[in-house]
Each structure stands twice: as structure tokens, then as C-alpha cells.
Amino acid sequence: MSPTLSPAPTPDLPLNGLTIVLPCFNEAENLPDAVHLATVAAERWVLKHEIVIVDDGSTDDTAAEATELAVRDPRVRLVIHLENRGYGPALRSGIAAARLPWVLLIDADLQFDFGELEDFLPLTPSADLVVGWRILPQGPVGRRAGSALWNRFVRAALHLPERDVDCAFRLVRRELLDRLDLRATGALVGAELLVKSRAVGARVAEVPVHHRPRIAGRQAGGGRRLGARTLRELADLRRTPRGGPPRPLGV
């Protein structure tokens, strides 16, 4: 059974515009529901929205599903990587395609509830980046344990106060994203966003989110975290200058 948004009253609409970026690698089974739920959430709480699907070299029917969705709804657009480049490049392609003032970076695997965007919105007047932290991460025991160890290691190595550097539910001002030179390829995508946002004085807030078991498709990524490329990226992030006190963008 597909997940659904719980009924809720419609609050004041605090966002004038939102781009929802959905990076995908072999998510044909999940993509229609992901786009439907993203659309429902956006229509409930945002004045104007668009959805950017990034097909990162999928070998299944992701591109075909995305094309059909885009034909049915002009607010849905498709960016295609002819070969698999990785999670970081997929996110950057989606960010580059974003046209609206706020950007929601969220995976298309249905492990997050799009309806919890409602909890992020009250923080947008005082934050430039709102990141989720998974209350109870789902997945195999070994993967959860490895993820927890990795989280602690990266937080310590980069002096990050956030609880969850890997949570794939992030709401960001596009103005902030335009100022960041994002380069991470995979394991350090979330940490890089936090480090470089803080370096330019962005205001960061956190929101607890629920994490669901994957119901279709296969988990991508994971595996060995400390490859040579990841170590180089980690060393570069450790050299990133520390920012001053948080300040509103444009001030």
C-alpha cells in the first residue's frame, strides 16, 4: 500500500516558491508515488512549486516514468545523466535546475514523509537551512550501526553540532545554495552542505523526522565509506574556514 499524507488543516502559506529535487537511481517503482506525495504537500503549503527529477543513469524505467509524469504535469521537469555519476552530482544537477526561492532536497525512495515538510515551515523565517534528523533510522541492523558510527565520526572530525549529517530531508534557501561551491560525490554530501553553509554564516535549524523502511527498489550507496576520494573530501572540508556568527542572508 502506498504511503499517504495524514489529513491536516491548511495553514498560512509561508513559502512563495519551492523546488523539490528528487535524485533517482533505479527508482521506477517509487517515483510515481513520490511525485504524487510531493505535489500534495506542495499544493497544501506552498504558493508555487516545481519538481525536478534527476535520473542519475538509471538502468530501469525511471526515465520513462519521469517523462510520463512530466508530460502530465508541466510543474515536473526531468534532468537526465546518461551514466551514473553519484549522489552528489545528482543533487547538484537538481540544484542547478531549481528556479524558485526555496529548495527541498529529498530522496525519491519514499523513506521520508513529504507531509513532514509542515514541521520545517515555521523555521523558515529565521533559518537559511533546515535539516532533518532521523528519529529512528530504518534498514538492516548492520547498516544502521555503520551509519551511526559514520555519523559520530564525521560530526567529530568536522566539529558539526547537528545530530544527523546524512538525513536526506533538507530545506534550503536557493540564495544560500547559489553561494556554495558544492563538490562532494557521495558519502560527505550532507556534511559538506552543513560545513559550507556555516562557513558563510548561514543560520541552520534542525527538525526531527520519521524514517520509513524501503518498500520497493534497492538501496543505493553505502559500502566502504573511507575510500581515497572520501578521505580527500574530508581533508578539504576540515580546511574550510570557520564562519562567523550566523546572520540572515543578504545582510
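**Close-up views of a predicted model**

View 1. Helix H2 spans residues 62-72, and its buried residues are Thr62, Ala66 and Leu69. These buried residues line one face of the helix, because they fall within an arc of 60° when H2 is seen down its axis. As background to this spacing, an α-helix has 3.6 residues a turn, so residues three or four places apart point the same way. The cover over the buried residues of H2 includes strand S1 (18-24), strand S2 (49-56) and strand S3 (76-81), together with helix H1 (31-45).

**View 2. Helix H7, a mostly covered helix.** Of the eleven residues in helix H7, which runs over residues 189-199, nine are buried. After H7 comes Gly201, which has a positive phi near 85°.

View 3. The loop between strand S4 (102-106) and helix H4 (117-120) holds Leu110, a residue that is not a glycine and yet has a positive phi of about 65°. For context, most residues other than glycine have a negative phi. Leu110 counts as buried because its relative accessible area is 4%, where the cut-off for buried is under 20%.

**View 4. His159, an exposed loop residue with positive phi.** His159 lies in the loop that connects helix H5 (141-158) and strand S6 (169-173), and its phi is positive, at about 55°, although His159 is not a glycine. His159 counts as exposed because its relative accessibility is 59%, and the cut-off for exposed is over 50%.

**View 5. The whole chain, as a setting for the close-ups.** The secondary structure of the chain consists of eight helices and seven strands, and 51% of its 251 residues are buried. Among contacts between residues at least 6 apart in sequence, 83% join residues that are at least 24 apart. The chain exposes about 12100 Å², of which carbon and sulfur atoms supply 54%.

Technical notes
Residues numbered from 1 in each chain as written. Predicted model: local features only at pLDDT ≥ 70, side-chain atom pairs only at ≥ 80, totals over all residues. Heavy atoms only, no water. Buried < 20%, exposed > 50% of the residue type's maximum accessible area, 1.4 Å probe, protein only. Helix = DSSP H or I, 4+ residues; strand = E, 2+ residues; numbered from the N terminus. Arc of directions from axis to C-beta. Contact = heavy atoms within 4.5 Å. Areas by Shrake-Rupley, 256 points an atom, 1.4 Å probe, with all protein chains shown as cover.
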